[in-house]
Amino acid sequence: MASFFRARRVGFTAATLTVALGGSYVALRDPYVSSNDRNGGGPALESVRRKITDPAAVVPSRALQASSLMAANSSDPLDILVVGGGATGCGVALDAVTRGLRVGLVERDDFSSGTSSRSTKLIHGGVRYLEKAVFNLDYGQLKLVFHALEERKQVIDNAPHLCHALPCMTPCFSWFDALYYWVGLKMYDLVAGRHLLHLSRYYSAQESAELFPTLARKGKDRSLKGTVVYYDGQMNDSRVNIGLACTAAIAGASVLNHAEVISLIKEDGGERIIGARIRDNLSGKEFDSYAKVVVNAGGPFCDSVRKLADTDAKPMICPSSGVHIVLPDYYSPEGMGLIVPKTKDGRVVFMLPWLGRTVAGTTDSSTSITMLPEPHEDEIEFILDAICDYLNVKVRRTDVLSAWSGIRPLATDPKANNTESISRDHVVCEDFPGLVTITGGKWTTYRGMAEDAVDAAIKSGKLNPANKSLTSNIRLVGGDGWDPAYFTVLAQEYVRMKVSHTGKVVPGVMDTAAAKHLSHSYGTMAEKVAAIAQNENLGKRLAHGYPYLEAEVAYCARNEYCESATDFIARRSRLAFLDTDAAGRALPRVIQILAAEHHWDKGRQKQELESATKFLESFKSSKNAQFHDGKHT
């Protein structure tokens with residue numbers, strides 16, 4: 001039985017880390033050759049790009065994707081069947097299909113329905129890992145930072161409409177802190193090298209107050225000396241994930257959401273995994289799909305897939321819960337985050353502007369693995385307490401618009417004898433022949449994780465790819481040709497035709513807020529959404545105070561495999577994450593439009609309302625949470 005444990009490969013000989021304690025200097029050389037330099041791509045890359053950027057390109061229908069998976073029989077199997085439609089799973093599908101392999105993917109719920117939609121929304125290199133690397137002289141931690149910083153820039157480049165650089169302010173309440181963070185973040189810049197987003201810099205207390213008006217300048221026995229601002233990336237996580245799934249589908253992968261693996265198929269008289277029994281959770285139909293290699297990208301649930309191969313499989317996931325809350329926009333200025341590396345109890349806390357609101361977090365505590373994790377009230381109170389110490393605005397529990405919990409799949413080597421191998425890096429292993437498992441890591445490094453998993457699958461199945469990995473040079477659908485001024489095209493050339501409460505169709509301006517939202521959510525595909533709003537009278541907003549349009553529901557049903565009301569309010573739009581109450585108010589209209597698109601009867605519509613309402617109840621906003629009015633009232 002083949003088995004291996006592997007972290008992200010790096011070039012050891014190409015880097016030097018020299019720490020001279022007497023001279024107090026650090027000399028670093030980036031150990032990575034740029035992915036763009038490493039994979040030229042040639043004709044294969046141009047062919048893939050043409051396919052993805054073709055204006056006439058559409059994703060195959062869900063029925064066609066299901067038929068393709070059913071057609072993969074024992075005599076004509078897929079090269080790779082991916083189990084799990086999160087960032088890593090969809091990344092594996094895209095990487096493999098663009099290497100010329102025949103690929104299928106199944107996800108029991110929706111793409112990005114798990115951890116991948118419940119992240120911190122940061123694309124980061126890992127400042128804390130760099131601190132550990134320097135103080136512990138740990139080259140392993142340094143390699144993690146090098147790799148993450150390379151991938152951080154790659155993610156932003158590959159989905160420019162969904163990702164951007166974000167300045168993050170670190171408050172300093174002593175001159176030692178100011179010097180410490182300034183030096184540390186300059187090292188972060190240095191390690192980033194050519195993957196640098198922007199240079200960090202120091203701001204005085206007065207300048208900091210102008211940049212971040214709600215930052216407290218005075219607190220308990222302390223006063224603000226200044227701040228150090230550095231840059232990391234920020235993203236709309238689930239929409240990047242949806243973009244990966246749709247890009248893979250356009251490139252030729254058969255991707256199917258709401259389809260669950262209920263058992264694995266083994267070859268006759270042997271132990272090798274050669275496929276899976278799949279149940280379509282929408283139709284209830286079951287079918288077999290064969291593959292030369294099955295890639296398990298189940299995130300926190302990857303052990304349940306491994307147990308389908310062997311009920312005695314040793315667990316390799318140590319789940320950790322991360323809770324986040326969303327607050328009104330006035331808690332933080334637009335375009336500037338606040339990160340406190342060490343609070344009074346030693347945890348990290350942050351406040352970041354995100355999609356017109358403020359997201360704050362986070363916690364890091366052990367948890368059980370569930371399909372629908374919920375934040376505990378004490379975790380929400382912890383976050384409110386932590387940010388309260390750094391703000392001059394009154395922090396209130398009633399301001400919490402939404403609160404959610406995500407499960408981080410911290411990984412261990414399944415062959416290890418103890419838990420000391422728990423890693424923030426990723427793990428690729430094949431402890432059952434024909435079943436390659438990829439887990440651990442973080443959103444930032446999904447592309448590199450996927451590349452490693454496909455390499456392992458090729459080795460396991462003795463596959464013959466047409467070319468090397470191309471994903472470092474492939475923009476997601478909607479990203480190619482997009483620029484930040486693209487929203488002006490929408491504002492100038494389209495109107496929002498709306499049906500009034502009396503049934504009369506009236507024109508409405510495509511205002512800047514709506515145009516920017518469409519541009520940043522759909523990239524160059526936004527014109528298709530705007531055309532639906534104009535030509536099909538679906539230009540009305542779904543919820544007061546938010547830019548989401550009725551046309552988006554129809555577009556996502558036709559082009560992004562949006563199969564349920566929850567799919568839309570949580571993953572295609574982010575309304576559930578931004579404002580649980582507003583999402584609830586939008587539900588009836590969302591269901592009405594989806595019913596027209598998917599031909600639902602009244603029974604299905606009622607079922608959708610009940611299911612989505614239950615989903616929203618797990619988001620502990622001030623509207624649906626039971627809490628004790630204490631400090632934050």
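Me: What makes R279 and E260 a salt bridge?
Reply: The closest N and O atoms of R279 and E260 are 3.3 Å apart. A salt bridge is a side-chain nitrogen of Lys or Arg within 4 Å of a carboxyl oxygen of Asp or Glu. The value of 3.3 Å falls within that cut-off, so the pair counts. R279 lies in strand β13 (residues 273-280) and E260 in strand β12 (residues 259-266), so the pair ties together parts that are 19 residues apart in sequence. Strands (E, at least two residues) and helices (H or I, at least four) are DSSP runs, numbered from the N terminus.

Me: What does the model rest on?
Reply: This is a predicted model, where local features need pLDDT of at least 70 and side-chain atom pairs pLDDT 80 or more, while totals for chains, interfaces and linings use all residues. Residues are numbered from 1 along each chain as its sequence is written, and side-chain values use heavy atoms, leaving out hydrogens and water.

Me: Why is R279 called partly exposed?
Reply: The relative accessible area of R279 is 27%. Buried means under 20%, exposed over 50%, and partly exposed in between (1.4 Å probe, protein chains only). R279 therefore sits in the middle class.

Me: Why does R571 count as buried?
Reply: Its relative accessibility is 3%. That is below the buried limit, so the label holds. R571 is found in helix α17 (residues 565-572). R571 touches residues including D109, F111, R239 and F615, not counting residues up to four places away in sequence. A contact here means heavy atoms within 4.5 Å.

Me: How do you know that R574 and D237 form a salt bridge?
Reply: Their side chains meet at 2.6 Å, N to O. R574 lies in the loop between α17 and α18 (575-578) and D237 in helix α9 (residues 237-251), so this pair ties together parts that are 337 residues apart in sequence. R574 and D237 are both buried.

Me: What makes R396 and D399 a salt bridge, and which class does each residue fall into?
Reply: The closest N and O atoms of R396 and D399 are 2.7 Å apart, and that distance meets the cut-off. R396 is partly exposed at 31%. D399 counts as buried at 6%. Elsewhere, salt bridges that share partners join R108, E260, R277, R279, E286 and D288 into one network.

Me: How many salt bridges are found in the whole structure?
Reply: The search finds 34. The protein has 20 helices and 24 strands. Buried residues make up 58% of its 633 residues.
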